[in-house]
Amino acid sequence: MSTRTDKIDALSEQAARGDDAGVSLAAAAWRRLRRNPVFLVGSTIVLLFVVLAILSPFLAPHDPAVPMLGDQVVRARNQIPPVQEGHPLGGDQVGRDLLSRVLIGSQQTLLVGVLATLIGLAGGLVLGTLAGAMGGWVDTVVMRAVDVMLSIPGLLLAVSIGALFARPNQYTVILAVAVVQIPVFARLLRGSMLAQRHSDHVLAARALGVRQRSIVFRHMLPNSLGPVIVQATLVLAIAIIEAAALSFLGLGNPDDRLPEWGQMLGQAQNVIDSHPQLAFWPAGCIIVVALGFTLMGESLREALDPKSRR
Amino acid sequence: MLRYTIRRLLQLLIVVGVLSLLLFAWLRSLPGGPVSALLGERATTESRARLTEELGLDQPIFVQYFKFVGRALSGDFGVSTGVQPGDSATEIFLQRFPATLELSFLAIVIAVAVGIPLGYLAARRRGGWLDNLSVVSSLIGVAVPVFFLAFLLKQVFAVDLGWFPTAGRQEGGIDATRVTGFFVLDGILTQEWDAAWDALVHLILPAVALSSIPFSVVFRITRASVLDVVDEDYVRTAESKGLTTPVIRRRHVLRNAMLPVVTTIGLQTGALLAGAVLTEKVFAFPGIGQALALGFERRDYPVLLLLILCAAGVFVLINLLVDLSYALIDPRIRTRGGGR
C-alpha cells in the first residue's frame, strides 16, 4: 500500500513489539514522561482547559446568549461594543459579552474535540478489530474501504460530509470531523492486532483453549491500545482545528447561543479588519489548546517508542 | 514493478469510480434539486414535470448515473450554477487549476527550502537554542488554523505595511499575454517582466500561509531522520576510514536522511489541497480552493463534483508517484521486488 498507510502501520507494529522488552511498557513510559518538560507543559494546558470547561458557568460574568450590549451595535457603521466597565473584552457582533462567550466556549470546544475523537475511535475500533482479528476476506474488504477513505484529503472529506446536511448543527460538524478519523484509527489498530496474532501470549492463550472472543477482547485489544491512545490525543487537536475550518467555510453550526471557539472564529471573519479582537481571543484559545494536545500526544508517542529507550 | 504500477493505477480508477458514485448519489439526495434551483419554488406542477423529463430526472437513478458517466468521459460535467454561472464546470477547472498549482508549488518550495536546512541544522545541534526554537515553532505551525494565519499575514504585511497586494492573482491594470495559464511562467515566456513580478508578488503571502503545515512536517521528518542516520553503522564506518566530515555529511548522512523526506513531501498534497481551500478564500485567489469554498457556500453541485473528483484523483496519483520514486531512489526497496 501507499507510504502513508505504511507509516500508520509502522507506528502500530513498533508499539506492539515494545511489549517484549523486560520492564512493562507502561511503567517505563511513565518513568520517562514524568521528567519530560514537553509532556508536563502539554498536560498542564490540557488539564487547565478541562477545568475551565467544567468551571466556566461559575466563572463567566454574564449569560453568553443575551445581547446585553445590543443597543451599542450599529450595523450600518460596523460598530461593535468596545471594552467597558463590566465587560473587560467588550461585546461581539450582536452585543453579547465576549469574555463570557470565550469562557463558556471552552465547553462546546471540548465537546467537539472529545465527541469527534470518540466517534472516530469507536468506528476505527470496530473496523480495525474486525479486520485484525478475523483476517481473510473480512480484512481485505475492510482495508480496501479504509484505503478509499484515506485517499480523499481529510478536510475535503469533512467538508463533503458537512455539506450533506441541509441544516448543519453542532452534531453534523462533529460527525463530519469524526468520520475522517475512522480510517486512521482502523488502520492503526489492525496493524497492532496483526502484529500480535502470532505472539507468544496469544499462542499460549490459544493453547489453553481460551475462546477466540476472549483472546481478541482480553488479550489482543488491550495490548493494541497504546498507539491508538497517542493518535487520539493528536486527533483531539485536529478535530478542534477542523471544526473551526468548517465554520470558516460556512458549514459550521449556525446556532450560536452556546458558543464554540471555532464557530466564534469563523463568524468573526467578516469583521476581522475592523475588530480583530473578535477573532484573536477564540483563535488564541484554539492555538493554545491544540498545542497542549499536540505536545501531550507527541511526548506520549516518544515515550511509547521502544527505540527511544536508550 | 510494472505489475505493481498497474495494480495501483487500477486502484486509482476504483477510488475515482466509487467516489463518483457516492458524490452522484449525494447530489440526487439533496433537498430541492436542480428543478427547483432552475425554476424556483413557485413553478407549476406541469412545468416542473416537463423540466424533470427534459433533464432525464424521471429515469431510474442508475440509468442517470451511467448517462452522467458517459457525458463525464467526454469531458462534460455540466454547467456551473453558483461559482461562475453559465460557464461549464470543465472550463472553470481548466481556468483555475494552473492558479492552484502555481500556489501549491511555491508553498512546497518554501516548505522545503526552509524545512530541510533547518531540520538538518536542528538535528546537528540537538538541544541547542536553534533546535528548541524551531521545534516549538513547528509545533505551533500545526496548531494555528491555516486560515487564521492567512488573515494575520494579510493584515500585517498587506494591509498595515502595504508590502504585498491583499487579493487576487494579478493587478487589473497590467495587460499580460496568456500562454499557459501559469501567470508567472507566462510573464517569463513573453518577457513581460512586470507581469511576472506582479503575479509572483500576489503569490507570496498565500504561499507562505499555505506552507505552514508542510513546513512543520518536512522540518520534523528531516530532523528525526538525520538523528536516526547519524547513529547508523555506515556513518561510523565512514568516520573510521578517515573520510572528512563534509563528505560524510553530504554523502552518507544527508543523502540517506532524505528518503523519508521525499515521501513526506508527496504526502503533503492532501494537506495542500485542504489548505488551498482556506487560504485562497482569505486572499480571494481565483484557484480551485476558492471555487470549492464558493461552491459549498452556493451549493454549486456540478462544479463541486468535478473538483472533488479531480482533487481525489490528483491526491492518489501523487501518492503513486511518490511510492514509485521511492523505489527508484532506494535500491533496497528495488531489490525486494517492487513493493507489496
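In this predicted model, Leu292(B) is in contact with Leu156(A), Val277(B), Leu304(B), Leu307(B) and Ile308(B), once its neighbours within four places in sequence are left aside. Leu292(B) also belongs to the largest nonpolar core, which holds 118 residues, and is named there together with Trp261(A), Phe293(A), Phe147(B) and Leu278(B) as touching the most other members. To this core helix H11 of chain A, residues 277–304, gives the most, with 15 residues.

| Residue | Helix of chain A | Relative accessible area |
|---|---|---|
| Ile54(A) | H3 (residues 37–59) | 55% |
| Gln108(A) | H4 (residues 98–134) | 12% |

Ile54(A) counts as exposed because its relative accessible area of 55% is over the 50% cut-off. Ile54(A) is also one of the residues that make a nonpolar surface patch of about 690 Å², the others being Leu47(A), Val50(A), Val51(A), Leu55(A), Phe58(A) and Leu59(A).

Gln108(A), by contrast, is buried, since its relative accessibility of 12% falls under the limit of 20%. When residues up to four places away in sequence are not counted, Gln108(A) touches Gln170(A), Leu258(A), Pro259(A) and Glu260(A).

Methods:
Residues are numbered from 1 along each chain as its sequence is written. Chains are lettered from A and ligands numbered from 1 in the order in which they are written. This is a predicted model: local features need pLDDT of at least 70, side-chain atom pairs count only at pLDDT 80 or more; totals for chains, interfaces and linings use all residues. Side-chain values use heavy atoms; hydrogens and water are left out. Patches are made of residues with over 30% relative accessible area and no salt bridge: like charges are joined within 9 Å, nonpolar side chains (Val, Leu, Ile, Met, Phe, Trp, Tyr) within 5 Å. Accessible areas come from the Shrake-Rupley method with a 1.4 Å probe; for residues, only the protein chains shown count as cover. A salt bridge is a side-chain nitrogen of Lys or Arg within 4 Å of a carboxyl oxygen of Asp or Glu. Helices (H or I, at least four residues) and strands (E, at least two) are DSSP runs, numbered from the N terminus. Buried means under 20% relative accessible area, exposed over 50%, partly exposed in between (1.4 Å probe, protein chains only). Contact means heavy atoms within 4.5 Å. A nonpolar core is a set of buried Ala, Val, Leu, Ile, Met, Phe, Trp, Tyr and Cys residues joined through side-chain atoms within 4.5 Å.
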